[in-house]
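Here are some notes for your first reading of this model. Keep the sequence and the 3D view open while you go through the points.

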Amino acid sequence: MHRPAPSADLRHRTIEAPAGRLHLVEQGTGPLVLLVHGFPESWYSWRRQLPALAAAGYRAVALDVRGYGRSSKPAESAAYRMLDLVEDNVALVRALGEESAVVVGHDWGSNIAAASALLHPEVFRAVGLLSVPYAPPGGPRPSEVFARMGGDEEFYVSYFQEPGRAEAEMEPDLRGWLAGFYAALSGDTMPAQGEPDPHFVTRTGGRLRDRFPGGELPAWLTEDELDVYVGEFERTGMTGALNRYRNMDRDWEDLAPYNGAPIKQPSLFVGGALDASTTWMAEAIDAFPTTLPGLAAAHILEGCGHWIQQERPEEVNRLLTTWLGSLQG
């Protein structure tokens, strides 16, 4: 069991941004490294990276993405489109008095980090992607792709896209749902091969949690750490977080001018060998020589699931700090 990361020298603050307010936590001084979390998480997902990056000589900043934690939660679903989240990141860099930053993201944060680097290369000088590989904009409309996945079952993204539907499953028992979801995608607790896949639901009356494993928490998550996540979502509800999924067709339209575009800045990818994001998107990883021409390395961590920087903090910290040290400027 990992010990909780030290909280000394963590600085909480809020800044004005297009969302209205962005909450961030920072540690250290030096070149700015912006850390962007995924679903269903918060700045706290980077609790083991902040001190390590600070110790390595960086100003590490983890934000609550709009809709999460102490950041603003706009009411309209369209306010969670990718273009707006990218502008939040630009505003954050400017509010911190910096001209540029390295941006590192996990899960949805990986997509947000990639889009930030793609749209604003003058601000984001390098990009690190955890768990979800870069796939350039383009291809078929996302909702049509997801609707075809699963056959007799429904893919979780389609399930999340219907307003109110997933909330009705999650919010009556947030602690149980979050614990089960984290366990379902963790390398040490995920369902065994051949068991029902927790990325899908039965089309008639199904719930994701019906396929979550029971029993203990994954090794990377203590009861106290789970309390932090639960407390955030009990206060905010889940709609702000789920609205990211409800903008995928809108993003597809917004980013059409960038269809097929590579990210040319220096980049890094780290994925878990047991993570569906790695296996389902293997073709995207194979395409990195074209789509990420500045890629330093793509690392696949054996036995690791989806929550990569929490499951393997020491290894991820080493990979990040080594890569950051190789960047110029």
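1. Of the 19 residues in its lining, Met190, Pro191, Asp197, His199 and Leu274 are the closest to its centre. Pockets and cavities are found on a 1 Å grid over the protein atoms alone: a cavity is a set of points where a 1.4 Å probe fits but cannot get out, a pocket is an open set with protein on both sides within 12 Å along at least five of seven lines, and lining residues have an atom within 4 Å of a point. Grid points are joined across faces, edges and corners, and the volume is the space filled by probe spheres set on the points.

2. Before going further, note that the model is predicted: local features need pLDDT of at least 70, side-chain atom pairs count only at pLDDT 80 or more, and totals for chains, interfaces and linings use all residues. Residues are numbered from 1 along each chain as its sequence is written, and side-chain values use heavy atoms, with hydrogens and water left out.

3. Helix α11 gives the most to the lining of the second largest pocket, with 3 residues. Helices (H or I, at least four residues) and strands (E, at least two) are DSSP runs, numbered from the N terminus. By class, this lining has 11 nonpolar, 5 polar and 3 charged residues. Here Ala, Val, Leu, Ile, Met, Phe, Trp, Tyr, Cys and Pro count as nonpolar, Asp, Glu, Lys and Arg as charged, and the others, Gly among them, as polar.

4. The largest pocket has a volume of about 1300 Å³. Its lining has 45 residues, and Asn111, Ala135, Phe146, Met248 and Met281 lie nearest its centre. Helix α3 supplies the largest share of this lining, 6 residues. The helices that each supply at least two residues include α4 (142-148), α5 and α10 (248-254). The lining divides into 34 nonpolar, 6 polar and 5 charged residues.

5. The largest cavity holds about 80 Å³ of space. Among its 13 lining residues, Val65, Tyr68, Leu85, Ile112 and Arg244 lie nearest the centre. Both α3 and α9 (239-242) supply at least two residues of this lining.

6. The second largest cavity has a volume of about 40 Å³. Its lining consists of Val36, Leu63, Val65, Arg66, Leu85, Asp88, Asn89 and Ile112. Helix α2 (residues 82-95) gives the largest share, 3 residues. By class, 5 of the lining residues are nonpolar, 1 is polar and 2 are charged.

7. The largest nonpolar core has 101 residues, and those with the most contacts inside it are Phe39, Leu92, Val104, Phe160, Met170 and Trp177. Helix α3 (residues 108-119) gives the most to this core, with 8 residues. A nonpolar core is a set of buried Ala, Val, Leu, Ile, Met, Phe, Trp, Tyr and Cys residues joined through side-chain atoms within 4.5 Å. Buried means under 20% relative accessible area, exposed over 50%, and partly exposed in between (1.4 Å probe, protein chains only). In soluble globular proteins, nonpolar side chains tend to be buried together.

8. Take Phe160 as an example. Leaving aside neighbours within four places in sequence, Phe160 is in contact (heavy atoms within 4.5 Å) with residues including Phe39, Met170, Trp177 and Leu242.

9. Helix α7 (residues 174-184) is mostly covered, with 9 of its 11 residues buried. Among them are Leu174, Trp177, Phe181 and Tyr182. The cover over the buried residues of α7 includes α5 (156-161), α6 (165-170) and α8 (223-236).

10. Strands β1 (residues 11-15) and β2 (residues 22-27) run antiparallel and are joined by 5 bridges. Two strands pair if DSSP finds at least two bridges between them. Ile15 has Leu22 in β2 as its bridge partner. The hairpin has 6 residues between the strands, and Gly20 takes a positive phi near 115°.

11. Beyond neighbours within four places in sequence, its contacts include Val25, Trp43 and Leu50.
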